[in-house]
Amino acid sequence: MREVAIIGVGLTKFGELWDKSFRNLITEAGSKAILDAGISGSEIDALYVGSMSAGRFVGQEHVGALVADSSGLSSMHIPATRVESACASGGMALRQAYIAVASGMHDIVVVGGVEKMTDVVGGEATNILAMAADQEWEAFFGVTFPALYAMIARRHMHEYGTTREQLAQVAVKNHENGLLNPEAQFHRKITIEDVINAPMVADPLTLLDCSPISDGAAALILCPLDRAKDYTDKIVKIIGAGQASDSLALHGREDICTFRATVNAARMAYEQAGIKPTDIDVAEVHDCFTIAEILAIEDLGFVKKGEGGKAVEEGRTARDGDIPINPSGGLKAKGHPVGATGVAQVAEIVLQLRGEAGERQIKDARIGLAHNIGGSGASCTVHIMEVA
Amino acid sequence: MPMDKVGIVSYGAFIPRHRIKVEEIASTWGKRAEEIKRGLAVYEKSVPSLDEDVATISVEAARAALARCDIDPRDIGAIYVGSESHPYAVKPTGTIVGEAIGATPNLMAADYEFACKAGTAAIQNCIALIKADMIKYGLAIGADTAQSAPGDALEYTAAAGGAAFIIGKDKVIATINDTCSFTTDTPDFWRREARKYPRHGGRFTGNPAYFRHIMGAARMLMEKVGTEPGDYDYAVFHQPNGKFPVVVARRLGFKDEQIKEGLLTPYIGNTYSGSSPLGLAAVLDVAKPGDRIFLASYGSGAGSDAFDITVTDEMESFPREKAPSVRQLIERKSYVSYAVYAKYRDLLYWE
Amino acid sequence: MGNAVPRFWREIPQRYSLVGTKCKVCNRVFFPQREVCPYCRRKSIGKMEEIKLKGEGKVLTYTIIYTPPSNFEGQAPYAVAIVELDEGPRVTSQIVDCDLDRIKIGMRVKATFRRIQEDGDTGAIYYGYKFRPVEDFEGNENKGKTG
């Protein structure tokens, strides 16, 4: 297995982008990545794209071919593969691309993630997202996505004493970070009171505990490490790529408050990278709901199980804390176009490791981690990147 | 012709939890609650939730009946559910119940409709099948989630609930000694196909309808069996409100104490096809071996089924406590406003 | 659920009567039914038998949904919970016949037969299990206003 570098990064703005179609978004992200890498399209050997539900959001399947076509690559007839794992589609697409390059099968590979969620009415978007849950044994009974995470939150509060304010602080911190991210969906400071008093979605989670419905796309260019210097001198390499699965339904887990998929994907990545959680300088984790970030920092090994709430409260996960989490604003403030998220998280880490993160730069970031979750924790990818 | 120990092997009841008070309905329509309560002798009625219907009520009642005996549901050879608010116009409630209790596929089934007496008609049919040795046990259910037009007088009484009876020959807790029906074509109350609410003939629903048929059936049965009102410990009549059953009892020569135990309408409203079945269940909740029970249902359109029932010694060891009693079901309640009632009864339209 | 009648019909024993499966090798009980035991795996092939669960258990966690999916509008707010059945398996469903502020982690509940959803005004009705508090008929403390 050879080492793999990321030589290009591209992101669209995230938000309600009425003027941009599914095709516009992925082409924009892909083009930006190609320009960033300084490669020409003819050098691309393969394409992987993550998209959760283009079929229900825009009525379009066969997304691999579509993206290759929109990107102007169809004349080169490259392999184009769409990967789906609910909200982990992006991370999983990246891991497939990584394996393709690491194995020697392909050299230059573009990875994209895209979702166009606002062409359908809001209620319909909620229904589509619920397809990440167990249709027969969860959604059938009227369970929504926020409800699943609300149940996790309630149990976490019951078992570990996590407080409502600690949950809210996750959103407050991420909004503060989002203020410094020009591509973020929200540039708005919020307080703990704002979060607690926002409209109730599924008790105890309010609207401000939940990541938004967003349009957006992100793209990365991968290449074998030994060729990366031909394209860039700020080389970032992937040193760990973990993936794991767990029961589809939340009720099938061993412990409702632990995502074993995260624990296992992280272990796989840490072992491959030969590092420990304490070696991570910065992380982008999957805060689809505030409780998800608390679970993530526990399951990734940054803090002990049950202490996530306290860590957030103490400011340890703020930009100036000892474990900066989601400097981009996270899914909460940056936006969560589901298929794009996994790729966008890695894009942020690459920018951080290159020192190109502007005002939200984490000092001396050398090793970064991206954590992407599907559904209520049924799938997970963890990627670890390092300055080469 | 005596019926040879055919009778009730077990029974179960179900009443939804929500209630709405007469005051709440009256104040919505600008009527005077005290007058209505006095006129109808009803205080509140049961209201089904959005997730309840005749199928769910029937299943709960049937499961309660099964909980009190140890018969194998596969030995139930017939299921008849009588209602005027079956969830489907075409697709039987009986098969849903059959699957839910594990009685399929060796099973005869059909749904019954005869306004408020569809449940007792189902009992009669089960008796016949048992007597003909065609089935080992039969399950007869009367249940309704009755509909009433907003603002109509029926709104104060149209309620929801039901009771299930397992009919058979073994370990019978109450023998059904005889039954007969008084039936004519009398259009006192009806609901046309695909319409939401019934219509009725006002005062025409009284003497020519309710009273004529119940008294006709009662007299016919007592003559057949050779009894008088005084021979019975309990009497249960169809109870569209709290007044009619008291009046018909007196006219027939029954005393108020005899009908008291089985008179539920003041507390839960008129459960239509569940009305006299629930009244019978309430009596069975307290009856002792040797007690004799008279039952006369009434269904608009019109007809009355009368039954002469004797509680057996089996009742001594019958585990009533294995399912909620009618009293417990009545006392389990939670009130809703007219607005919530309107939402539950689909009086508001939304897509 | 769209026109999913066969998909629903196939699951009626599970949906109506909580019929699960038991692995004859390790005796663990599963619901919904499994054809292979995730613990015994290959050894359990052909050794899974049906078992009807009693439908009693306790609330592991719950939430109250204020923003329902489109075909559950009108029911909100309603409670959903993960219930741990006495035989071991956990299920997710609604809690009914209970004042929303009385639901507690650890509460004993019992399965009840209810309408779960329907396919609009003209489509099929899908029934299944929801859970009601067990103390409902013992003590009758569970009274009050519901919305």
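Me: Two strands pair if DSSP finds at least two bridges between them. In β3(C), which residue is the bridge partner of C:Cys23?

Reply: This is a predicted model, in which local features need pLDDT of at least 70, side-chain atom pairs count only at pLDDT 80 or more, and totals for chains, interfaces and linings use all residues. Residues are numbered from 1 along each chain as its sequence is written, while chains are lettered from A and ligands numbered from 1 in the order in which they are written. Helices (H or I, at least four residues) and strands (E, at least two) are DSSP runs numbered from the N terminus, and strand β1 (residues 19-23) of chain C pairs with β3(C) in the antiparallel sense over five bridges. Within β3(C), the bridge partner of C:Cys23 is C:Met48.

Me: Which are the edge strands of the open sheet in chain C?

Reply: The open sheet has three strands in the order β2-β1-β3 (chain C), with antiparallel pairing. An edge strand here pairs on one side only, and this holds for β2 (29-30) and β3 (48-52) of chain C.

Me: What pattern does chain C follow when read along the sequence?

Reply: The secondary structure of chain C comes to two helices and eight strands. The C-alpha trace of the chain spans about 50 × 40 × 25 Å along its principal axes. Read along the sequence, the pattern is α-α-β-β-β-β-β-β-β-β.

Me: Which chains have the most contacts among the two pairs of chains that touch?

Reply: Two residues are in contact if their C-beta atoms, placed from the backbone, lie within 7 Å. No contact joins chain A and chain B, and their closest C-alpha atoms lie 11 Å apart. Of the two pairs that do touch, the one with the most contacts is chains A and C.

Me: Which element gives the most residues to the side of chain A that touches chain C?

Reply: This contact takes 27 residues from chain A and 25 residues from chain C. On the chain A side, two or more residues come from each of α5 (122-129), α6 (145-160) and β5 (200-202) of chain A. The element that gives the most, with seven residues, is α6(A).

Me: Which element supplies the largest share of the side of chain B that touches chain C?

Reply: Here 27 residues of chain B are in contact with 23 residues of chain C. At least two residues each are supplied by α3 (54-67), α4 (93-101), α11 (326-331), β14 (334-335) and α12 (338-344) of chain B. The largest share, four residues, comes from α3(B).

Me: How many residues of the side of chain B that touches chain C are charged?

Reply: Asp, Glu, Lys and Arg count as charged, Ala, Val, Leu, Ile, Met, Phe, Trp, Tyr, Cys and Pro as nonpolar, and the others, Gly among them, as polar. On this side of chain B, eleven residues are nonpolar and six are polar, and the number charged is ten.

Me: Which element gives the most to the side of domain 1 of chain B that touches domain 2 of chain B?

Reply: Domain bounds come from an automatic or database domain assignment, which for chain B gives domain 1 (7-173 + 318-344) and domain 2 (176-314). The C-alpha centres of these two domains lie 16 Å apart, and their contact takes 48 residues from domain 1 and 43 residues from domain 2 of chain B. Elements supplying at least two residues of the domain 1 side include β1 (7-14), α5 (118-131) and β7 (160-168) of chain B. The element that gives the most, with six residues, is α5(B).

Me: In β4(A), which residue is the bridge partner of A:Gly50?

Reply: A residue is buried if 20 or more other C-beta atoms lie within 10 Å of its own, exposed if 12 or fewer, and partly exposed in between, with C-beta atoms placed from the backbone. Strand β2 (residues 46-50) of chain A has five of its five residues buried, with A:Ala46, A:Tyr48 and A:Gly50 on one side and A:Leu47 and A:Val49 on the other. Five bridges join β2(A) to the parallel strand β4 (residues 109-116) of chain A. In β4(A), the bridge partner of A:Gly50 is A:Gly113.

Me: How far apart are the end C-alpha atoms of helix α10 (residues 260-273) of chain A?

Reply: The expected span of a helix is 1.5 Å times one less than its number of residues. The buried residues of α10(A) include A:Ala261, A:Val263 and A:Tyr270, and what covers the buried residues includes β8 (236-245) and α11 (290-299) of chain A. With 14 residues, α10(A) should span 20 Å, which agrees with the separation of its end C-alpha atoms, 20 Å.
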